[in-house]
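I opened the notebook to look up aromatic pairs, cores and a pocket. Entries follow in the order I checked them.

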Amino acid sequence: MLEQIAAFTEWPYLIWAAAAATTFYGTTVWAVSHLHPDKKAHLSLWLQGDYNSTWTTQFCAMFDQLFGSKHLGWRCFTRSAIASGIAVFALWLLLDQILGLISLRADTGLSLTQALLLGAAINIIPDYISLFETRWLLQQFERVRHPLGQMAVLLLDAVATGLIIYGGIIAYLWVTGQTPITFIEMIALFSIYAVFFYSTFLTSFWAWAYCISSWIARLSGRLRGWLDMQDRPGRSLALIGGALVLLGGVALKPALTMDEDGRIAFDNFLCDRFPGSACTHVARLTVDEEEKLVLLGRACFGGVTEECFDVARAISDVRPQEAAALYEKACLRGGAASCTNLGYLYRNALGVSQDYARALDLYQQGCEGGNAIGCTNLGYLYDEGLGVTQDYARAIDLYQQGCEGGDANGCTNLGYLYSNALGVTQDYAQAIDLYQQGCEGGDANGCTNLGILYDEGLGVPQDYAQAIDLYQQGCEGGDANGCTNLGYLYEKALGVTQDYARAIDLYQQGCEGGDANGCTNLGYLYEKALGVPQDYARAKDLYQQGCEGGNATGCTNLGYLYEKALGVPQDYARAKDLYQRACEGGNGRGCSLLGWMYQNGFGVPHSVDTANGHYQRACDLGDDWGCEKRTLDDLGASD
C-alpha cells in the first residue's frame, strides 16, 4: 500500500505536503496555546457549540497572537516579512525543485538566492498589505454566520489578495523596465513570478484551512465527541487542519503533474477559457507540430496577433480557409503582411472565393502599410489586368515601390517589363540591372530571366557559361523554368557536353515544378528515344500535361501522336482540336499541321483556302514549313 502511495505522490512531493501539514499544525497549536485564557476558553466553548460567535472571531484572536495586535507596528511588519520569506522558499522548493514546473513552463529557473532576493524585492510590501487586508476584512464580517456568507468572505479575500500581489509584481516589472505579464500567465505557472504570486496567499490559506477545520471540528464535536474540544481545542483544531492540508496536497498532485509535453491538466481548461493568454504558452510546450498549430490558431482567435501571421502561413497550404480567417483578424489589427497574404488567397481562390476586387483592396492596404510584397502583388494585377483595367504605368510604379522596399520579385517583374517593352521603351540594360537585383535578393525567377538574356545574347554578349550558372541558381531556388532551360542546354549541347540523362532529370524537375515546357520537352525525349527507351504512352502523358499547362508545343506534339497513331488510336478529330488549340496559342507548327489536314482532307473537309490561311498564320509565327507550303501554287491532296 505504501509503495502505491509513494508511486502516486512521489516521495519528495509527499514529504513537502507533510511538511506543510506539520507547519499548519505547529503554528495553530502555538497560537492557541499563547491565547489569553478567556479567549482560549471561548474557542473551546465555540467548538463545542456552546458559545455564540463566528470562526472569524477565533481566527482574529490567533492572528493577533502570531503577528501582534498592533498591525501597523514594526513587530507585525517584521513577522510578516519573515513569513513572506518562508512562503517564497516553500513555493520555490515545490514548484521549481520538486515539480520542475517553473523551469520548464516559464522556460527559466530560479536559484534559491534569486528566489529569496526577488521575494524580498517583490513580496514584502504586498504581503504585509495583504496580511493587513485579510485581518481587517475578517474583522468586518464577524457577524456573518451563514456558511455561504462566510465562503463569500473568503472569496472576497482571495480576490483582494490576488489584486494586491499582481499590482506589486506589475510595479516591480515597470520599475525594472521589463515587459508586463498577464494575470493568466501568472496563475497558470507560465512565469517565474508565479512563485511570488502564490506565496502571498499564505495568510489567506491559513484562514481558509482554519475555517474548514473549525467547521469540521464543530460538526465532529456534536456528532461523536471523539476530539478533546474542551481541554485541547488548539490541538484538535490543528490536527484536523493538518490532515486537511496533507490530504489536499495529495489530491492536488495529479493536477500539477506534467505530461511529456510539460503540460498539466489545468492547461486545457485555461486554453478554452482564455485562448489569447494561455494557448500560446500551451502551444510552446507541445511537441506535436500539428497540435501546436491548432493551439496557436486558437490563440490568434483569442486575441494574440503577433503569431497569427506565422501560424496562418504555416497552415495556408493545408487549411487555407482557416488561414484566411487568421489573416483577416491580423489584417484588421493593422498587420500589413497579413493583408497582403489574405489578398493572395482571394486572388487565387484559396480557402475563399476568387475575388480580384477584394485582392486589389487588400494588396493596397498591405502596400500602404509598408509591405513591399503587397506593392508588387498589386502591380501584378495592373500588369495582367486582373480585376482592373490593364495599366502598365501603374504596374511600373508599384513594381518600383516593391523593388525599392526590398521585395526581389518586384525587381524581377519590373525587369520583365523593360525586357519585353511592356509600357516602357525596351531597355535590356535596365532589365539586366533589375534581374540582377531580383536574383541577388533571392528571387529565383530573376536568376532565370537574367540567364535567358545571356542565353540568347539580348543586351549582353551571348554567354552560355553565364546562362548555365544563372539557370542553375534559378532551378535550385525553386524556379521550374530555370530547370527546364538548363535541361535544354544539356539536351542541345549548348555550352556544355550533351547529356540526355542530365536533361531528363532537369526536365522532370521543371515539369513537376509546374513548368509546362518542361513536360513537353521531356515528352519529346520519350517520343524520339533520346536518352531513354522510346515510350509513346509516356510521351503522350507528358504532352498532355504540357498542353493543359498552357504550352502550345505540347498540344501540337500530342496532336501529332493522334494524327499518326503513335501510341494511341488514330483520331483525326482529336488531332485537329489539338492543332487548333496550339495554333491559337501561338505555335506555328500547330498551324502548319492544321493546314496540312485541311489540304488533305484528314478528318476535315478538303479546303485549299482554309489550308492556305493556316499556312499563312504559321509563316507569320515563324514556322518555315508553313512559309514553304504557303508559296506553293497547287495545294492538292498529297500522300
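Entry 1: I started in helix α5 (residues 74–98), where Phe89 and Trp92 both lie, three residues apart, about one turn of the helix. Helices here are DSSP runs (H or I, at least four residues), numbered from the N terminus. This is a predicted model: I take local features only at pLDDT of at least 70 and side-chain atom pairs only at pLDDT 80 or more, while totals for chains, interfaces and linings use all residues. Residues are numbered from 1 along each chain as its sequence is written, and side-chain values use heavy atoms, with hydrogens and water left out.

I found seven aromatic pairs in the structure. Rings of Phe, Tyr and Trp (its six-membered ring) pair if their centres lie within 6.5 Å; planes under 30 degrees apart are stacked, over 60 edge-to-face, the rest tilted. Phe89 and Trp92 form a tilted pair, 6.1 Å centre to centre, with 35° between the planes. I then looked up burial (buried is under 20% relative accessible area, exposed over 50%, partly exposed in between; 1.4 Å probe, protein chains only). Phe89 has 35% relative accessibility, so it counts as partly exposed. Trp92 counts as buried because its value is 8%.

Next I took Tyr615 and Trp625, an edge-to-face pair at 6.3 Å centre to centre and 80° between the planes. This pair links distant parts of the chain: Tyr615 sits in helix α34 (residues 608–620) and Trp625 in helix α35 (residues 624–630), 10 residues apart. Tyr615 is at 0% relative accessibility and therefore buried. Trp625, at 24%, counts as partly exposed. I also noted one aromatic cluster, formed by Tyr166, Phe183 and Phe197.

**Entry 2: cores.** Which residues have the most contacts inside the largest nonpolar core? They are Tyr327 and Tyr382, in a core of 99 residues. A core is a set of buried Ala, Val, Leu, Ile, Met, Phe, Trp, Tyr and Cys residues joined through side-chain atoms within 4.5 Å. A second, separate core has 32 residues, including Ile102, Leu173, Leu189 and Ile192.

I listed the contacts (heavy atoms within 4.5 Å) of Tyr327. Leaving out residues up to four places away in sequence, Tyr327 touches Phe309, Ala312, Arg313, Ser338, Asn341, Leu342 and Leu345.

**Entry 3: lining.** I ended at the second largest pocket, where α19 gives the largest share of the lining, six residues.

Technical notes
Helix = DSSP H or I, 4+ residues; strand = E, 2+ residues; numbered from the N terminus.
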